Structures are given as structure tokens and as C-alpha cells.
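User: I have a model open and would like to talk through how it is put together. Can we go over it piece by piece?

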Amino acid sequence: MDGNVGSAENINIPSVLAESGPGHSNARGEQANPFDQLAAPSTSRVKQIWAIGGGKGGVGKSLIASSLAITLARTGNKVIAIDLDLGGANLHTALGVDMPRNTLSDFFTRRVNHVEKCVTPTGIMNLDIISGAQDSVGVANVGHDEKVRLLQNLRELDADYLILDLGAGTTYNTLDFFLYADLGMITLLPEPTSIENGYRFIKSAYYRRLSLCRRLDNIRPLIESAMDSKNPAGIRSPSDLFREVNKVSPEAGMRLKEEIERFRPKLVVNQARTQTDVDIGFSVKTVCKKYFGIDMDYVGYLDYDSAVWQAVRRKRPLLQEFPNSKLVSSLERIVQYLVKRHGHQKNDIL
Ligand SMILES: Nc1ncnc2c1ncn2[C@@H]1O[C@H](COP(=O)(O)OP(=O)(O)OP(=O)(O)O)[C@@H](O)[C@H]1O
Ligand SMILES: [Mg+2]
């Protein structure tokens, strides 16, 4: 379980961080840079895109995405919640609506020419949904061109906020949706498998981000070899990568450091039952700082609450079924913090 990053300080690092990453791909071209081909929309109403990921299934991504979307809509923002859990789409259920007629399946198969044709009202004021693919269009099957087309369309939508509910796993497509957002949030449960997958997701997003960053073009081969845990250069950790980059060019080392500092994912621990569970968020933050050099922003935790499955069973949003629950106030607090603290943050990978 433990390892040594080779830095001056001996720290315990979960073994999952020594694995190769990011994840795997089934689709041709999925690894190619989707951001290279994006044109900035001339005018965009979209203030921010938020993405909720987590690497593992059943950790509360859809609960959190739907709740953040409702909370933002209630405060007067026009919001579109978008289900990017392609193949396992159920955000509509978390929002208490039936599967809309047009979904991302229609977009990916070009039955509709713009994603705006998939925008469907939820019945909740200010909140629309774009539902995920209904048939077997798994996220790994979405090719590069379709991904670029979707990303290009997103910022052209008529909304203040877009909330992306991501699927489980660390495919390049899921990582790219996460990295495209202005604000990326990771959620995990206080259990070993979920924490492990959380680290796997962070690590994959971290290396994917560096490998897509144009400012780091001249050291991309080194970054890509760092993603293979058996690389011949002996790069086993971010500190090894630094050492190798600095050997090539101290100036590139500076740029690498700057890019790492700009990557600040948010973290939410879900289904906390004890203080030890709550503290897991701080441990993850510490490991991320020591291992990757990134400042993970631990924005809060959500208690385990049977209100969630009761709302799920009734196919009603938690915020509407149990508006006075502690969980709902925790969610509202998280949204207030994010808007206040990160309301102007823009994606800087493009
Ligand atoms: N804070 C909580 N308290 C109690 N139960 C919860 C909580 N959060 C989530 N759950 C339970 O976990 C289930 C999974 O949540 P959710 O569907 O939001 O996860 P997910 O990460 O989107 O899963 P998937 O990857 O399958 O889409 C919910 O149906 C609910 O029963
Ligand atoms: Mg989900």
C-alpha cells in the first residue's frame, strides 16, 4: 500500500498512484486532443460549466449534479443539467422527469444537428435537461469528431450554468468532459474501493490535463511516458517527471509547475457517517498535494441520509422531497461557496 515518491520527505502514497494512467479507450482517436479544434464561440451566455466525476459508479455523482443544478436554478440562474453518463443515463430520474424524446443518442447519430435540440424542460423553474444516450452508446464509443462537436455546441447553449453529470471510469472521453469544465468536482465515498477509484480519477485527469496543455507541447513525450508506469526513463511519480523535465529545460519545468498549480479540482466526500469519514477528505487533499503538487479544494461533505433513497424510490429530486433536511443545507452551502469563491473561474486548458 505504501510507496515513496523519492522526494526529500518520506510520505505514504496509496499504491494506486503508481499505476499507469489514464484509462483505456475503445474508440479510435479518443486520445487525440479535442481542445485543439475548438473555436471560441463569438458570444456565449454560459457563465460556467461544472462537471461532477468520481471514477466509480454509485458514489453520488447524479445526486450531486442534480442537486447543484436545482440549487443554482432556484437562485435565478438559467441552468441546463447534462447527462454525460452515456450508456447509464439516469440524471432525468434524479430530476424527477421521464426520459426526454430527444437525447444525446440523437445528437451522436446526427438525427439532430445541434445539442440545443435535446434541451428539454424539467418542470423546475429555470432548469432544463439534456438527457444521456438511451441505447448502447457508451462513452467509450463516442468518437473524437462527435466529442469535439458536442464540446463546441455546449458553450453555444442558452444558459448561465451547465452541469455535467459524468459516468464512472477514466476513459479519455470522460476525462475530457471533466477537463473541459470551468470547475471540476470529484466525489467519493469513505470506503477503500471508492477512495482508490477517486485517486485513479485524479491521477488520470492530472496527466491527461498536462498532456493536452499547449504550453507543454515540447515536453509532451516526457509527460506521455510518465503515464506508463513501466516507462524506460524511470519516471514513477510527478516528482520524477519534474526532475526529468528540468534536465531538459528549467524553463519548461517552470511552466509545468504553473500548469500543475492551475489544476484545482474540488472534492466532496459523500455518505459520511463519522468524523473519520469527514477527515478522509483532508487526507486525500494532503496526498494530492504531496504526490502531485496540486491544491485539491475540499469543498465539503454530505452525510449519509436515508432521505436520498426515499427520494430516489419516489423518483423525485431530494431538494423537492426533503427541502428541510441537513443534506439539502449542506448542498446549498457547497453551491454558495463555489459561486462566491470560484464564480469567475474560467477553463484555462483551452
Ligand atoms: N448522501 C447519501 N445518503 C444516502 N444514500 C445516498 C447518498 N448519496 C447517494 N446515495 C445512494 O447511492 C445511490 C447512487 O447515487 P447516484 O446515482 O447519485 O450515484 P452515481 O455516482 O451517479 O452512480 P452511477 O455511476 O451509477 O451513475 C443513490 O441512489 C442513493 O441510493
Ligand atoms: Mg449517475
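User: Which domains does the domain assignment of the chain give?

Analyst: The assignment gives domain 1 (45–188 + 305–345) and domain 2 (192–271 + 280–300), the bounds coming from an automatic or database domain assignment. This is a predicted model, in which local features need pLDDT of at least 70 and side-chain atom pairs count only at pLDDT 80 or more, while totals for chains, interfaces and linings use all residues. Residues are numbered from 1 along each chain as its sequence is written, and chains are lettered from A and ligands numbered from 1 in the order in which they are written.

User: How many residues of domain 1 are in contact with domain 2?

Analyst: There are 23 residues of domain 1 in contact with 22 residues of domain 2, where contact means that the C-beta atoms, placed from the backbone, lie within 7 Å.

User: And which element gives the most to that side of domain 1?

Analyst: That is β6 (183–188), with six residues; α5 (172–180) and α13 also supply at least two residues each. Helices (H or I, at least four residues) and strands (E, at least two) are DSSP runs, numbered from the N terminus.

User: What is the make-up of that side by class?

Analyst: It divides into 13 nonpolar, eight polar and two charged residues, with Ala, Val, Leu, Ile, Met, Phe, Trp, Tyr, Cys and Pro counted as nonpolar, Asp, Glu, Lys and Arg as charged, and the others, Gly among them, as polar.

User: Switching to helices, at what angle do α5 and α6 cross?

Analyst: The axes of α5 and helix α6 (residues 192–212) cross at roughly 75° and come within 10 Å, the axes being lines fitted to C-alpha atoms, for helices over the stretch in contact, with angles running from 0 to 180 degrees between N-to-C directions. That makes α5 roughly perpendicular to α6, a term for angles of 65 to 115 degrees.

User: Which residues meet there?

Analyst: Y172, L175, F178 and L179 in α5 meet S204, A205, R208, R209 and L212 in α6.

User: OK, now ligand 1: which residues are the closest?

Analyst: The closest are G57, K61, S62, L63 and V308, out of 19 residues that surround ligand 1, counted when the C-beta atom, placed from the backbone, lies within 6 Å of the ligand. The elements giving two or more residues to this shell are α1, β7 (266–272) and α11 (307–313).

User: How does that shell divide by class?

Analyst: The shell around ligand 1 has eight nonpolar, eight polar and three charged residues.

Definitions and conventions:
Two residues are in contact if their C-beta atoms, placed from the backbone, lie within 7 Å. Angles under 35 degrees count as roughly parallel, over 145 as roughly antiparallel, 65 to 115 as roughly perpendicular and the rest as oblique.
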